[in-house]
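Work through the exercises below with the sequence and the structure at hand. Each task is followed by a solution in steps.

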Amino acid sequence: MSPDTPPLELVAPSTELLPPDPAETRLAALYDAGPPGTRHLRVNMVSAVDGAAWGPDHRSGSINDAADLRVFRVLRALADVVLVGAGTARVERYTTLKRPRGLEHLCSGAPLELAVVTRHGHLPERVLGDRHRPWVVTGRAGAPPAAAAVGADRVIEVPGPEGDGHVDLAAALDALAERGMTRVLSEGGPRLLGTMLAAGVVDELCVTTTPELVGPGPGRIIAGHGPLGASSGPPVPARLGHLLVAPGSGTLIARWEIDRAASAALLP
Ligand SMILES: NC(=O)c1ccc[n+]([C@@H]2O[C@H](COP(=O)([O-])OP(=O)(O)OC[C@H]3O[C@@H](n4cnc5c(N)ncnc54)[C@H](OP(=O)(O)O)[C@@H]3O)[C@@H](O)[C@H]2O)c1
């Protein structure tokens, strides 16, 4: 644990101070997602106060902070697989993932897997440069280039009804679960989150709001077209699971439970 790890204060649904804890026992309990084997999709995103989803360098790393990192480490420890869109894998320079050091007691024992969602199947070199290959979730058009890059055994081909590289995200989660990856942590990005919400597969949305403004330019944590992007349906309900505050910085860390049925009802 870093010496800069800040205390956090639980302010809803009850109040409690969470001092820095190398074992992160209390935080892990707060982010418990049910018994092992329960399929669960959690999305973790960060936003500036003005809604910006990335900083001037086009990366989310420039708008997160030590309080966000504290929870980020626990979420990675609890996950079987991190699911990201290809855009995020490129911009955020994903490589092979490692379990957060010191939190091994929270982990399943298996390596933390990376799964990249792509229509085109072209992956950044950095995610290919290691012996532990990522999983690739793609449609019909993306499968051949993806198989050439990572091997057919790491490609999850789940074409959606629309064809054209579209991915059936519910089938993708089933396929990950069949391979033992039931605890799915998505780290974005905004276009993947838009399609996941519209597909009605998101159980939980964790949003950190960091105390800064980036100004005009960056997009929000959700992007894309379709029912959510076009705001053609009613807003999708979200229920507050808990809210943490970093007393020092004012960073807000919320866990929202998503009404999947309502979200799915927005599909055209
Ligand atoms: N604030 C945050 O928490 C946060 C988190 C992550 C990323 N970001 C920021 O977001 C920006 C990137 O945004 P983005 O919207 O491009 O990210 P993204 O959603 O990760 O990437 C979009 C790409 O992912 C693939 N993809 C996404 N959804 C898909 C689906 N349903 N089916 C098939 N392919 C799908 C496509 O890849 P192909 O083009 O390969 O087909 C698409 O072009 C970066 O600046 C990054 O720093 C912010």
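The model is predicted: local features need pLDDT of at least 70, side-chain atom pairs count only at pLDDT 80 or more, and totals for chains, interfaces and linings use all residues. Residues are numbered from 1 along each chain as its sequence is written.

**Exercise 1. Describe the overall build of the protein chain.**

Step 1. Take the secondary structure. The protein chain has nine helices and 11 strands. Helices (H or I, at least four residues) and strands (E, at least two) are DSSP runs, numbered from the N terminus.

Step 2. Take burial. A residue is buried if 20 or more other C-beta atoms lie within 10 Å of its own, exposed if 12 or fewer, and partly exposed in between, with C-beta atoms placed from the backbone. Of the 268 residues, 38% count as buried.

Step 3. Take contacts. Two residues are in contact if their C-beta atoms, placed from the backbone, lie within 7 Å. Among contacts with a separation of 6 or more, 67% join residues 24 or more positions apart.

**Exercise 2. Describe the shell around the ligand.**

Step 1. Apply the cut-off: a residue is near a molecule if its C-beta atom, placed from the backbone, lies within 6 Å of it. There are 31 residues around the ligand, and Gly 85, Gly 87, Arg 119, Gly 188 and Gly 189 come nearest.

Step 2. Sort by class. The shell has 14 nonpolar, 12 polar and five charged residues. Here Ala, Val, Leu, Ile, Met, Phe, Trp, Tyr, Cys and Pro count as nonpolar, Asp, Glu, Lys and Arg as charged, and the others, Gly among them, as polar.

Step 3. Find the elements. At least two shell residues each come from strand S3 (40–48), strand S4 (81–85), helix H3 (86–91), strand S5 (113–118) and helix H7 (190–198).

Step 4. Gly 189 sits in the loop between strand S8 (183–186) and H7, and the peptide bond from Gly 188 to Gly 189 is cis, with omega near 5°.

**Exercise 3. Which residues of H7 and of helix H6 (residues 169–178) are buried?**

Step 1. In H7 these are Pro 190, Leu 192, Leu 193, Gly 194, Thr 195, Met 196, Leu 197 and Ala 198. Because eight of its nine residues are buried, H7 is largely enclosed by the rest of the structure.

Step 2. In H6 they are Leu 169, Ala 172, Leu 173 and Leu 176. These cover an arc of only 95° around the axis, so they lie on the same side of H6. The arc is that of the directions from the helix axis to the C-beta atoms.

**Exercise 4. Which members of the largest nonpolar core touch the most other members?**

Step 1. A nonpolar core is a set of buried Ala, Val, Leu, Ile, Met, Phe, Trp, Tyr and Cys residues joined through C-beta atoms within 7 Å.

Step 2. Of its 64 residues, Val 116, Val 137, Val 184 and Met 196 touch the most others. Helix H2 (residues 66–78) gives the largest share of this core, six residues.

Step 3. Leaving out residues up to four places away in sequence, the residues that Val 116 touches include Val 84, Leu 123 and Val 137.

**Exercise 5. Are Glu 24 and His 58 buried or exposed?**

Step 1. Locate them. Glu 24 is in the loop between S2 and helix H1 (25–30), and His 58 is in the loop between S3 and H2.

Step 2. Count neighbours. Glu 24 is buried because 25 C-beta neighbours lie inside 10 Å, whereas His 58 is exposed, with 12 other C-beta atoms within 10 Å.

Step 3. Read phi. Phi is positive at Glu 24, near 50°, and at His 58, near 70°.
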